Amino acid sequence: MSKVAVIVTNDVEDVEFTSPVKALKAAGHDITVIENKAGNKIAGKHGLKLVADKDIDDVSAADFDALLIPGGFSPDQLRADKRFVDFVRDFLLTNKHVFAICHGPQLFIQTGLTSALKLTAYTTVRPDLYYAGAQVFDKSVVVDKKHKLVTSRTPDDLSDFNREIVSALK
């Protein structure tokens with residue numbers, strides 16, 4: 001069983017949280033929802049209601065085996081907070097599994113590590129990643145084995161994304 005951190009805040013794309021979390025839990029993995037403060041109520045774009053398990057100040061990449069970054073407007077808000085950027089950077093630098101969908105890969109730009117990555121993202125995010133130096137693909141799922149990174153574009157890609165993230169943690 002792996003311990004998976006999920007960083008999220010308001011306006012997350014509901015299904016990009018619920019679907020991967022369901023797949024990971026079904027495979028026996030432990031999920032921890034992380035936001036600004038433990039106990040905070042988080043509202044998804046379409047009515048999802050979550051409660052943060054942990055405060056970003058109380059966790060480190062060393063506490064987890066993998067990181068999930070759902071899309072929606074959540075990643076754009078999180079990338080403005082250095083604590084979340086540093087958390088993502090630590091996962092990438094320690095070569096731990098990172099899973100991001102839709103707008104989730106936006107966080108990689110702020111880490112300064114984008115140029116080493118192969119990935120995909122939502123249509124409007126792909127050019128930003130390209131200009132930041134990443135190798136960007138327009139595929140349902142991209143697995144960068146060197147960096148233990150799995151990325152997808154949209155909710156339409158969730159079946160491929162979920163298959164690959166569960167496989168990565170076997």
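**Figure 1. Strands β6 and β7 pair in parallel in the predicted model.** Strand β6 (residues 66-69) and strand β7 (residues 97-101) run parallel and are joined by 4 bridges. Leucine 67 has valine 98 of β7 opposite. Helix α6 (residues 158-168) packs on the sheet, where it touches β6, β7, β10 and β11 (149-152). The direction of α6 makes about 175° with that of β7. The model shown in this and the following views is predicted.

**Figure 2. The open sheet has 7 strands and mixed pairing.** The strand order is β5-β2-β1-β6-β7-β11-β10. β5 (54-55) and β10 (141-144) are the edge strands; each has a single partner strand, so one side of each is left without a neighbour in the sheet. Helix α1 (residues 14-26) lies across β1 (3-7), β2 (30-35), β6 and β7. The angle at which α1 runs to β2 is about 150°.

**Figure 3. Strand β11 is covered on both faces.** Leu149 and Thr151 lie on one side and Val150 and Ser152 on the other, and all are buried. In a regular strand the side chains alternate between the two faces of the sheet. β11 runs parallel to β7, with 4 bridges between these strands; phenylalanine 99 has valine 150 of β11 as its bridge partner. β10 and β11 are also joined by 4 bridges, but run antiparallel. Here threonine 151 in β11 is the bridge partner of valine 142. The hairpin of β10 and β11 has 4 residues between the strands, and in this hairpin lysine 148 takes a positive phi near 50°.

**Figure 4. Helix α1 packs its buried residues against strands and a helix.** The 13 residues of α1 should span 18 Å at 1.5 Å a residue, and the end C-alpha atoms are 18 Å apart, which agrees. The buried residues of α1 are Asp14, Glu16, Phe17, Pro20, Val21, Ala23 and Leu24. Their packing partners are β1, β2, β4 (49-51), β6, β7 and α6. Glycine 28, which follows α1, has a positive phi near 95°.

Figure 5. Phe84, Val85, Phe87, Val88, Phe91 and Leu92 are the buried residues of α3. An α-helix has 3.6 residues a turn, so residues three or four places apart point the same way. Lys82 and Leu93 are exposed on the other side of α3. The elements covering the buried residues of α3 include β1, β2, β6, α2 (74-78), β7 and α4 (106-111). The helix comprises 12 residues (residues 82-93), which should span 16 Å at 1.5 Å a residue; its end C-alpha atoms are 16 Å apart, in agreement.

**Figure 6. Phenylalanine 64 and phenylalanine 87 form an edge-to-face pair.** A search of the whole structure finds 3 aromatic pairs. In the pair of phenylalanine 64 and phenylalanine 87, the distance is 6.3 Å centre to centre, with 85° between the planes. Phenylalanine 64 is in the loop between β5 and β6, and phenylalanine 87 is in helix α3, so the pair ties together parts that are 23 residues apart in sequence. Phenylalanine 64 counts as buried at 4% relative accessibility, and phenylalanine 87 is buried with a relative accessible area of 3%. Ring pairs link Phe64, Phe87 and Phe91 into a cluster.

**Figure 7. Tyrosine 130 and tyrosine 131 form an exposed ring pair.** The ring centres of tyrosine 130 and tyrosine 131 are 5.4 Å apart and the planes are at 70°, so the pair is edge-to-face. Both tyrosine 130 and tyrosine 131 are exposed.

**Figure 8. Aspartate 11 and asparagine 95 have positive phi values.** Aspartate 11 lies in the loop between β1 and α1, and its phi is near 70°, a positive value in a residue other than glycine. Aspartate 11 is partly exposed, with a relative accessible area of 33%. Asparagine 95 follows α3 and is placed in the loop between α3 and β7. Its positive phi is about 55°, although asparagine 95 is not a glycine. At 33% relative accessibility, asparagine 95 counts as partly exposed.

Notes: Residues are numbered from 1 along each chain as its sequence is written. This is a predicted model: local features need pLDDT of at least 70, side-chain atom pairs count only at pLDDT 80 or more; totals for chains, interfaces and linings use all residues. Side-chain values use heavy atoms; hydrogens and water are left out. Two strands pair if DSSP finds at least two bridges between them. Helices (H or I, at least four residues) and strands (E, at least two) are DSSP runs, numbered from the N terminus. Contact means heavy atoms within 4.5 Å. Axes are lines fitted to C-alpha atoms, for helices over the stretch in contact, and angles run from 0 to 180 degrees between N-to-C directions. The expected span of a helix is 1.5 Å times one less than its number of residues. Buried means under 20% relative accessible area, exposed over 50%, partly exposed in between (1.4 Å probe, protein chains only). Rings of Phe, Tyr and Trp (its six-membered ring) pair if their centres lie within 6.5 Å; planes under 30 degrees apart count as stacked, over 60 as edge-to-face and the rest as tilted.
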